[in-house]
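Open your viewer and get ready to click along. We will begin with the whole chain and then pick out single residues.

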Amino acid sequence: MSTFEYDMAIDRLRTLRAEADADGRARRLRAARRWARRAEYAARRAARASAAVR
């Protein structure tokens with residue numbers, strides 16, 4: 001393999017890794033938002049239940 005081919009392969013690998021990192025960050029961000037939304041809903045339910053008991 002020539003140096004040019006090697007450099008092209010390394011560049012492609014870097015691109016793929018960067019895309020995988022970005023995908024992972026996006027997935028974690030979506031999951032964090034989903035869990036935050038669930039926690040907010042749970043807090044609202046608890047507040048309503050607490051108010052109903054009073």
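Here is a short tour, one selection at a time.

This is a predicted model, in which local features need pLDDT of at least 70, side-chain atom pairs count only at pLDDT 80 or more, and totals for chains, interfaces and linings use all residues. Residues are numbered from 1 along each chain as its sequence is written, and side-chain values use heavy atoms, leaving out hydrogens and water.

**Select the whole chain.** You will find one helix and zero strands (DSSP runs of H or I, at least four residues, for helices, and of E, at least two, for strands). The radius of gyration is 23 Å, well over the 10 Å that the globule rule gives for 54 residues, so the chain is more spread out than a compact globule. Both values rest on C-alpha atoms and on a rule of 2.2 Å times the number of residues to the power 0.38. Turn the view along the principal axes: the C-alpha atoms fill a box of roughly 80 × 10 × 5 Å.

**Colour by accessibility.** How many of the 54 residues count as buried? The share is 2%, where buried means under 20% relative accessible area, exposed over 50%, and partly exposed in between, with a 1.4 Å probe and protein chains only.

**Select Glu-40.** This residue is found in helix H1, which covers residues 3-53. Glu-40 counts as partly exposed because its relative accessibility is 40%.

**Finish at Trp-35.** Show its side chain together with Arg-38, which lies over the face of Trp-35 at 4.7 Å from the ring centre. A charge sits over a ring if NZ of Lys or CZ of Arg is within 6 Å of the ring centre and within 35 degrees of the ring normal.
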